[in-house]
Amino acid sequence: MSLNDFIKQLDDLVESASKRFEDAINQTDHQVLEETRVEFLGAKSGKLKEAQKGLGKVAKEDKPIAGKRFNEVKTRLEELFQAATDVITGGSKKGNAEAIDVTLPGLRPRLGHIHPITQTIDELKDIMGRLGFTAVEGPEIEDDWHNFEALNIPLEHPARDPLDNFYLNLAAASHGGGNQLLRSQTSTVQIRVMENNEPPIRIVSLGRVYRPDEIDATHYAMFHQIEGLLVDTNVTMADLKYVLRLFASSYLGGDVEIRFRPSFFPFTEPSVEVDMRWQDTWLEFGGAGMVDPNVLKAVGYDPEKVTGFAFGLGVERLCMRRHGINDIRYLYDSNTKFLAQF
Ligand code: PHE
């Protein structure tokens, strides 16, 4: 038998086997599958066995090629049978996407992250708690009395400008008084606490404030402040500086320096800007000062008997300094990859 004839015979065998195993699959019939197996792969008189006889008849020098080809065809037929078995019994060992490999380790559920600002707030609350300050909250929608009037910010004061605040009712804003707004500072909470409590007072309040600032790397229309208030007898600026230094070094590390620059706020007198030096740069973190006697009077305290200090610092700024974040917008983008680092 010539090599060509032998190979032709093998090719025909593969072709007819493909068709027959396909038929078996289409009929989804175990009986047909078994008959097909015997027909082609049967050990005694299967067609493969028949073809093997031809191998003995090819010329000696063609034997290596013919033998190799025969083995390939044998493997091919076994594959056809295996594939048909897998489909018909429905339990494919490979290629069945629904098969469950019980030996694989389970999938760990993806847990969320606490937002870096929330983490910062929690930590700052802890630090101030250790210094004896109780955390309190105030509403984000405020009235004109708590955001301005009681804080010694009179009607004509530029801080009330509708362009600098989110008033809920713009028309009423230009007439002043009795209007509501998204609070522009957490100093509102000072008033709420003093209205409802007698001195001594030692509170801290962390929360959102809103200002229609143009958004850039250091400004956002919403941000967070930490407000501190201490009212007691004989409170001085030295107490303020002591508390702020402890606060700053607790959060940013022992090497942080703190600096007061003279400033003005209607609700403190004297007033200062609070700067912190960290890794060779001075940065402004917020304002502070001694509670203005007019504010103490507005809440019914006697400024002859008690004094106090207050401060308000930017939470984002503290968080950004601590983590080396250089753009506030990262904190409020839905960029989960960035936030997932925390
Ligand atoms: N409320 C001020 C601000 O938002 C900060 C401040 C708070 C200043 C308390 C003095 C005392 O800028």
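## A walk through the model

Asn152 is partly exposed, because its relative accessible area is 26%, and partly exposed is the band between buried (under 20% relative accessible area) and exposed (over 50%), worked out with a 1.4 Å probe on protein chains only. You can find Asn152 in the loop between α6 (144–147) and β3 (166–167). Its phi is near 70°, a positive value in a residue other than glycine.

Before going on, a word on what you are looking at. This is a predicted model, where local features need pLDDT of at least 70 and side-chain atom pairs count only at pLDDT 80 or more, while totals for chains, interfaces and linings use all residues. Residues are numbered from 1 along each chain as its sequence is written, and side-chain values use heavy atoms, with hydrogens and water left out.

**The overall layout**

The protein chain splits into domain 1 (3–99) and domain 2 (116–339), with bounds that come from an automatic or database domain assignment. The C-alpha centres of these two domains sit 82 Å apart.

Now for the sheet. Seven strands make an open sheet with mixed pairing, in the order β1-β5-β6-β10-β9-β8-β7. β1 (134–135) and β7 (257–265) are at the edges with a single partner strand each, so one side of each has no neighbour in the sheet. Helices and strands here are DSSP runs numbered from the N terminus (helices are H or I with at least four residues, strands are E with at least two). Two strands pair if DSSP finds at least two bridges between them.

Here are some of the pairings, each with one pair of facing residues.

| Strands | Sense | Bridges | Facing residues |
|---|---|---|---|
| β6 (222–232) and β10 (307–314) | antiparallel | eight bridges | Leu230 and Phe309 |
| β9 and β10 | antiparallel | five bridges | Met290 and Phe309 |

The hairpin of β8 and β9 has two residues between the strands, and in it Gln279 takes a positive phi near 50°.

Which strands does helix α9 lie across? Helix α9 (237–252) lies across β6, β7, β8, β9 (281–291) and β10, and runs at about 30° to β10. Helix α8 (187–196) lies across β5 (201–210), β6 and β10, at about 40° to β6. For these angles, axes are lines fitted to C-alpha atoms (for helices, over the stretch in contact), and the angles run from 0 to 180 degrees between N-to-C directions.

**Around Glu269**

Glu269 belongs to strand β8 (268–278). An unreviewed UniProt entry covers Glu269 with the annotation "binding site"; UniProt positions are given in the numbering used here, feature names are shortened, and annotations may be inferred rather than shown by experiment. Is Glu269 buried or partly exposed? Glu269 counts as partly exposed, because its relative accessibility is 46%. Leaving aside neighbours within four places in sequence, Glu269 is in contact (heavy atoms within 4.5 Å) with Met290 and Asp292.

The peptide bond from Glu269 to Pro270 is cis, with omega near -5°, and Pro270 lies in strand β8 too. Another cis peptide bond joins Pro199 and Pro200, with omega of about 5°. Pro200 is in the loop between α8 and β5.

**Aromatic rings**

How many aromatic pairs does a search of the whole structure find? It finds seven. Rings of Phe, Tyr and Trp (its six-membered ring) pair if their centres lie within 6.5 Å; planes under 30 degrees apart count as stacked, over 60 as edge-to-face and the rest as tilted.

Phe247 and Phe311 have ring centres 6.3 Å apart and planes at 45°, so this pair is tilted. The pair links distant parts of the chain, with Phe247 in helix α9 and Phe311 in strand β10, 64 residues apart. Phe247 and Phe311 are both buried. Tyr330 and Phe338 form a stacked pair, 4.9 Å centre to centre with 20° between the planes. Tyr330 is partly exposed at 35% relative accessible area, whereas Phe338 counts as buried at 13%. Elsewhere, ring pairs link Phe21, Phe40 and Phe81 into a cluster.

Thr28 is not a glycine, yet its phi is positive, about 45°. Look for Thr28 in the loop between α1 (3–27) and α2 (30–41).
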